[in-house]
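Hi,

Here is the structure I said I would pass on. Have a look at it first, and then read my notes below.

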Amino acid sequence: MFDKTVMREISVVARAMRVEPAALAAVAHIESGLRTHAVVNGRREPLIRFEGHYFDRRLSGERQERARQQGLAWPNAGAVANPASQASRWAMLRRAEAIDRKAARESVSWGIGQVMGAHWAWLGYADVDALVSEARDGVSGQLRLMARYIERAGLVGALHARDWAGFARGYNGPAFARNKYDARLARAYQRYAARMDDDAGHYALRAGDRGERVLELQAALSRHGHALAEDGIFGPATQQALRHFQVAQGLAADGIAGPATLDALRTGKPRPLLLAWLLRLFTNRRE
């Protein structure tokens, strides 16, 4: 699992996306293999993978011929092998940049999320250099780049719902089942969800939990107009009240008090009791 420093960065980005940090951590875990950077020429750099078929299709004439002769470009995917070490991959990128800087950077997948540089315009960056600068801006920059891709690809809903097959299809392509990408995401999520904490070092609360933090959760729900016994036991009544609160706040109604939900309970304006009662009545009718 990622260390606490990386997990804090993941929590910040996940909360800005309004997704559960454990879900975003699972994606980063699978994509990065738990490596967040490599030291290249004394500088911490994001992990990269050079795609020779991308480079080939962006070149023509003498440049394309030169790239092919140097083993940097070829029409078929996988024909240009990536060196094992990141230092060698960065050296490979520099050789490609000497032929065509823009095309070379567009032909690389960048950082924790392995986002292709070719997507820079689609993702709303001014140019490919802006995307690369984001990726090189530490772990937080890599996560912001990954988050932007997830949002632009319309995959936030799949993360909310923990629809791993749907997310895998959108993020990893239609052949995701071959490498069991969805199953690997699900396993990673379970590991992070069991241990994930928010910025205050608190674990997410779930049905069956007991103790002081459940009491605090119940008190917060009561302040938001969800009347229930404050007994320190996360039972069905607490879970139902939590789901009603999540619906009202536009959060995933999963009945789990994760960082986004806890933050909304802390910062959201308490609802008048009558309004909360009407909301519960309306929600119950819909269900």
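Let's start with Ile 48: its relative accessible area is 1%, so it counts as buried, the cut-off being under 20%. Bear in mind throughout that this is a predicted model.

Ile 48 sits in strand β3. Setting aside residues up to four places away in sequence, Ile 48 touches Gln 86, Arg 89, Trp 90, Leu 93, Val 108, Ser 109 and Trp 110. If you want a distance to check in your own viewer, take Ile 48 and Val 156: they are 108 residues apart in sequence, and their C-alpha atoms are 24 Å apart in space.

Now the sheet around it. The strands run in the order β3-β4-β5, an open sheet of three with antiparallel pairing. At the edges are β3 (48-50) and β5 (115-116), each of which pairs on one side only. Three bridges join β3 to β4 (residues 108-110), in the antiparallel sense, and Trp 110 in β4 is the bridge partner of Ile 48. Helix α5 (residues 86-99) packs on this sheet, where it touches β3 and β4, and its direction makes about 50 degrees with that of β3.

Trp 110 is worth a click too. Leaving out neighbours within four places in sequence, its contacts include Pro 46, Leu 47, Ile 48, Trp 90, Leu 93, Val 115, Leu 131 and Leu 145. The largest nonpolar core has 67 residues, and Trp 110 is among those that touch the most other members, along with Phe 55, Met 146, Ile 150, Phe 167, Tyr 171 and Tyr 181. Helix α2 (residues 21-32) gives the most to this core, with eight residues. There is also a second, separate core of 16 residues, with Val 214, Leu 228, Leu 242 and Ala 260 among them.

In α14 (residues 259-267), the buried residues are Pro 259, Ala 260, Thr 261, Leu 262, Ala 264 and Leu 265. They pack against α1 (4-17), α2, α12 (212-223) and α13 (236-249).

How do α12 and α13 pack, in angle and in axis distance? The angle is about 50 degrees and the axes are 10 Å apart, which means α12 is oblique to α13. The crossing of α12 past α13 is left-handed. On the α12 side, Leu 217, Gln 218 and Leu 221 meet Thr 238, Ala 241, Leu 242 and Phe 245 of α13.

Cheers

Technical notes:
Residues numbered from 1 in each chain as written. Predicted model: local features only at pLDDT ≥ 70, side-chain atom pairs only at ≥ 80, totals over all residues. Heavy atoms only, no water. Core = buried A, V, L, I, M, F, W, Y, C linked by side-chain atoms within 4.5 Å. Buried < 20%, exposed > 50% of the residue type's maximum accessible area, 1.4 Å probe, protein only. Helix = DSSP H or I, 4+ residues; strand = E, 2+ residues; numbered from the N terminus. Contact = heavy atoms within 4.5 Å. Pairing = 2+ DSSP bridges. Axes fitted to C-alpha atoms, helices over the stretch in contact; angles between N-to-C directions. Parallel < 35°, antiparallel > 145°, perpendicular 65-115°, else oblique. Left-handed = near helix turned anticlockwise from the far one by under 90°.
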